[in-house]
Amino acid sequence: MSEAITSAPVILSVRDLDVKFHLRGRTLNAIRGISLDLHQGESLAIVGESGSGKSVFTKTFMGLLDQNGEIAGGEILYNGQDLAKYKTERQWRTVRGREIAMVLQDPMTSLNPLKTIGSQISEAIAIHQGLRGSALKAKVLEYLRDVGISDPEGRCKQYPHEFSGGMRQRVVIAIAVACNPKILICDEPTTALDVTIQAQILSLLKELKKKYDLTTVYITHDLGVVANVADRIAVMYAGDIVEIGTCEEVFYNPRHPYTWALLSSLPQLGVKGQALYSIQGAPPNLFTEVKGDAFAPRNPHALKIDFEERPPYFEVSPTHKARTWLLDPRAPKVEPPEHIRELQKEGVSRLGQ
């Protein structure tokens, strides 16, 4: 997997991206100098607590920031263009949908309650694929079948309120795929769905990725959700990517204390009779300047330098890096929590290292 990721061409490249929001005379620095390469055909998961900047980061790819938000610096390179310089809706319409599409986390607010399901999928196909008449209708039914909706001829005449939550999410996915994009962003695609339906939706997205040759980006706060769908995982905290690596590297050899904390919080790792692990404290206030490592105040292993200077990225492998002073050769050796040591042992056994 590592070789496949590094050899695949880069489809989208982000460099030193800064995003700010202006509110009542104050400025919030939501994204703080992020750089990231997205490789063609991969599945990238972006994980982190609510408010870490995951959705804001990906909304910059489509010009979907709120009116009080702005790209204050950096580049978003796609197809030879710097999307960070786009200012008008006319410019963004050349990208939004037809190149990069998004599956939003709440299907009920994403769908128009006054239009049938069929008409909403038809609109996406007509705009982005230019089909009309019988060809358009056939394509609508094809997409409904693709997302696992039975009796598509009858269902396409129904309205969103006649569908369950899981079925509405399938329709939202159908609309996004009908735009015929190169990149599909899935923003918390399984939120508010029960575990069985979550698994079905994730399986469906994997099938659609393969059929339509998509590059997919998953946004989630739940590391457990992405274990079976992601090639790489980027861990975000306070508007920054603090660790990135292949799925196996981040799960079985995590190096940033925040990644340790996220993994330790997984219910699957809990021990019967013991309280579940929780991360103490709260994320920093991004209305003020973050000094040093943003996670330092919540990190029981923080060094003095963590409160003074922002750490650079340290390379763990060609596909794995983390922004923590603990990886500096001069840092004292710190053992990860017990849960993480168990994962590392499992990883050595599983990966044959």
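Student: Why is Asp240 called buried?

Tutor: Asp240 has a relative accessible area of 2%. Buried means under 20%, exposed means over 50%, and partly exposed lies in between, with a 1.4 Å probe and protein chains only. Since 2% is under 20%, Asp240 counts as buried. Two notes on the source: this is a predicted model, in which local features need pLDDT of at least 70, side-chain atom pairs count only at pLDDT 80 or more, and totals for chains, interfaces and linings use all residues. Residues are numbered from 1 along each chain as its sequence is written, and side-chain values use heavy atoms, with hydrogens and water left out.

Student: What makes the contact between Arg310 and Asp240 a salt bridge?

Tutor: A salt bridge requires a side-chain nitrogen of Lys or Arg within 4 Å of a carboxyl oxygen of Asp or Glu. For Arg310 and Asp240 the N to O distance is 2.9 Å, so the pair meets the definition. The two residues are 70 apart in the chain: Asp240 is in strand E10 (residues 240-246), and Arg310 is in the loop between helix H12 (257-264) and strand E11 (314-317). Helices (H or I, at least four residues) and strands (E, at least two) are DSSP runs, numbered from the N terminus.

Student: Which class does Arg310 fall into at 33% relative accessibility?

Tutor: Arg310 counts as partly exposed.

Student: What joins Lys139, Glu142, Asp146 and Lys211 into one network?

Tutor: Salt bridges that share partners join these four residues. One of the bridges is between Glu142 and Lys211, with the closest N and O atoms 3.7 Å apart. Glu142 belongs to helix H6 (residues 133-146) and Lys211 to helix H9 (residues 195-212), so this pair ties together parts that are 69 residues apart in sequence. Glu142 is partly exposed at 26%, and Lys211 is partly exposed at 46%.

Student: How many salt bridges are found in the whole structure?

Tutor: The search finds 15. Another of them is between Arg145 and Glu153, at 3.4 Å from N to O. Arg145 is partly exposed at 47%, as is Glu153 at 39%.

Student: What makes a group of residues a nonpolar core?

Tutor: The members are buried Ala, Val, Leu, Ile, Met, Phe, Trp, Tyr and Cys residues joined through side-chain atoms within 4.5 Å. The largest such core here has 70 residues, of which Ile121, Ile173, Leu184, Leu223, Val226 and Ile233 touch the most other members. Helix H8 (residues 165-178) gives the largest share, eight residues. A second, separate core has 33 residues, including Leu17, Ile76, Ile100 and Ile219. In soluble globular proteins, nonpolar side chains tend to be buried together.

Student: How do you know which strands lie at the edges of the open sheet?

Tutor: The eight strands have the order E6-E7-E8-E3-E9-E10-E12-E11, with mixed pairing. Strand E6 (100-103) and E11 are the edge strands, as each pairs on one side only.

Student: What makes E7 mostly covered?

Tutor: Five of its five residues are buried. Ile183, Ile185 and Asp187 point one way, while Leu184 and Cys186 point the other way.

Student: Why does Arg232 count as buried?

Tutor: Its relative accessibility is 8%, and that value places Arg232 among the buried residues. Arg232 lies in strand E9 (residues 232-237). Arg232 and Ala8 are 13 Å apart in space, C-alpha to C-alpha, and 224 residues apart in sequence.

Definitions and conventions. Two strands pair if DSSP finds at least two bridges between them.
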